[in-house]
Amino acid sequence: MTRSTKPSHDSRRKHTAVLVVLAVGMFGFAFALVPLYNVFCELTGLNGKTSSQAVNTERLPQASDREVTIQFLAQVAKGMPWEFRPTETELRVRLGEINTTRFYVRNRVSDAVIGQAVPSVAPGLAAQYLHKIECFCFTQQQLDGGGEMEMPVQFYVGTDLPEEVRTLTLSYTMFRVEPVLPDADHAHL
Amino acid sequence: MVAHADTLPKQRHPFIEFILRWLLTTNHKEIGTLYLCLSFTLFFVAGAMAMVVRAELFQPGIQFAEPELYNQMVTLHGLVMVFGAVMPAFVGLANWLIPMMIGAPDMALPRLNNFSFWILPFAFVLLLSSLFMEGGAPNFGWTFYAPLSTTYGPPSTDYFIFGVHLMGISSVLGSINIIVTILNLRAPGMTLMKMPLFVWTWLITAFLLIMAMPVLAGAVTMMLTDRHFGTSFFNAAGGGDPVFFQHVFWFFGHPEVYIMILPGFGIASQIIPTFARKKLFGYHSMVFATAAIAFLSFIVWGHHMFTTGMPLAGELFFMYATMLIAVPTGVKVFNWVATMWRGSMTFETPMLFALGFVMMFTIGGFSGLMLAIVPADIQYQDTFFVVAHFHYVLYPGAIFSTMAAAYYWLPKWTGHMYDERLGKIHFWTAAIAVNLTFFPMHFSGLAGMPRRVVDYSIAFADFNMVSSIGAGLLGLTQLLFLYIVIKTIRGGEKASDQVWEGAEGLEWTIPSPAPLHTFQTPPSLETSGYAATTAKH
């Protein structure tokens, strides 16, 4: 550890190299957080994210007598020229029972527009108990100019839903999907 | 340089000579001076922005800063103070002091040192030039949460992003240099556990910087690609998540908080023993407490996000981990007090600032504990209580400790004693003004005044008027500090080599002012008396 000897010079170089690797590694770690975060959220059901996959209908639980209220919300993101609303705002459902509701969309402009709905559930912790058998949010939707349609969601609420949850809110935000140009300025969308 | 050779081209203009000298210097003392000058300049720039904010908040209603300007001032005040004033000040002190304290002739990587510094002025030109751009400067707060900074950020956000990249590169390179210097260039016989505490705290801070700044660089890179290259890291439409931004940001942000205070701990640990004329109490526990704080700083980021819908288990984990930080911090405060216990204390300006640091930093620490309590935090979140808390840890914490260091080592740097009477006036007005400014914010915050809003309910008018008067006074006292520093550089009573009666350490064995080159041959710890003074640890 003394200076002005040859080994000290090598040791400086070695320390520098190790520290540069550490810094670059931490930069990489920031990006590694992306998949880590998603896996964590999926495992714990945090963040109100529902699964983007349809559930298997072969292993349905026995419906229970317990009832909960499920509310539906729909909104469009900035720059999305669609009208988007639930056909019914509230439904009383039994746990484990399969229900279907519909959302209405209408394209307000004359061009064809592609949309992608992103779901969110409140309270966030209840997201993992809302199982969707069929949902328009699994795929992108296309509407011709002025076109309209009703889109179904088929779902059931898991019988293991915690006692304290009596009302669930399922909210969709409809985003406009467009081929992204490399220099597209998102600030002005 | 080969001087006076016949073949030499014509003599350069003195001004060019002057510029080149500072542009190309690899001397740790000169680079330290450059860092301190830059930091001092930006301290006044960001301080002026705070004056705009406080002037606007003097009374309810909108007087002269439109909301757009107000938001930009709040944002840039935070960014420039954190990255431009506090961090370069500590790096400047590290450059000046670490080689002198460990008996090294210079930093281990002098040219890298030059590069680390000269990136910074460009980074801040990029950041501050955004003030004059169409759409204005960044206006999303210093925490630049997505989507405010991605989808809704002004066009100048890209200048901000590259500015942050440059600041990050500068900090990381500077930290690598500091660690390599400390690990390789210590005088023979100076083991790690004999190093002065300022060196220890900087060694640990440098590791924090190397591990935290690249994560920030990652976050702003994701912002950049979200803004321009069609990625959706923080955009729910593409499967991303805005809350994820907060996780990445605070994974950097919480260690950053300790980056801005640990060197201050080191400074207090140098100054208090000198003026208490006693050994530092509990040297080993100081080192371990610093390391413990550094470790804990990486696992508490979630306490900034209690209201984002975290599960109970997460809230409890982050709450208890945060409260745990009070233990090593308490050890430190206890050690400082125990050092003073039955010491022959005198109260020169550096000691006053160090004591003010211990006192008022502790107040900030306590409000931090209050904020760690989840149910209370849900009430305090985004109110002026938070503003009061972090200004108490940053102003009397980071800035008072830097000022204590400036008064303490200025005689060594310049060879002149500062004006003690003016120094004391500076301390007392600053101490009063700090409390006048930030203490009422606790009350306005608890009463519900939200932060970052240009206007407020008349219910908070009195508290805000007091805060604004205090802030004006605080701004003025720093002009006095500038005057004292310039006066000391230009002349004054000659300082002795040891400067302070109770001062110990290698930097006090060299002449005042410190010559440009010191410790060309490694000092002997025995003859300098260093080994004897540290043997009892």
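Hi everyone, thanks for coming. In this predicted model, chain A has a mean pLDDT of 82, with 81% of its residues at 70 or more. Two stretches of chain A need some care. Over residues 1-5 the pLDDT stays under 50, and the model has seven contacts for them beyond four places in sequence. Residues 180-189 of chain A are also below 50, and this stretch has 14 contacts beyond near neighbours in sequence.

Four strands form an open sheet in the order E2-E4-E8-E6, and their pairing is antiparallel. Which strands stand at the edges? They are E2, residues 82-86, and E6, residues 130-135; each has a single partner strand, so one side of each is left without a neighbour in the sheet. From one strand to the next, the twist averages 25°.

Let's zoom in on one pair. E2(A) runs antiparallel to E4(A), residues 99-107, and five bridges join them.

Finally, the interface. Here 36 residues of chain A are in contact with 38 residues of chain B. On the chain B side, the elements giving two or more residues are helices H5 (157-184), H6 (197-228) and H7 (242-259). Which of them gives the largest share? That is H6(B), with ten residues.

Key:
Residues numbered from 1 in each chain as written. Chains lettered and ligands numbered in written order. Predicted model: local features only at pLDDT ≥ 70, side-chain atom pairs only at ≥ 80, totals over all residues. pLDDT = per-residue confidence, 0-100. Pairing = 2+ DSSP bridges. Axes fitted to C-alpha atoms, helices over the stretch in contact; angles between N-to-C directions.
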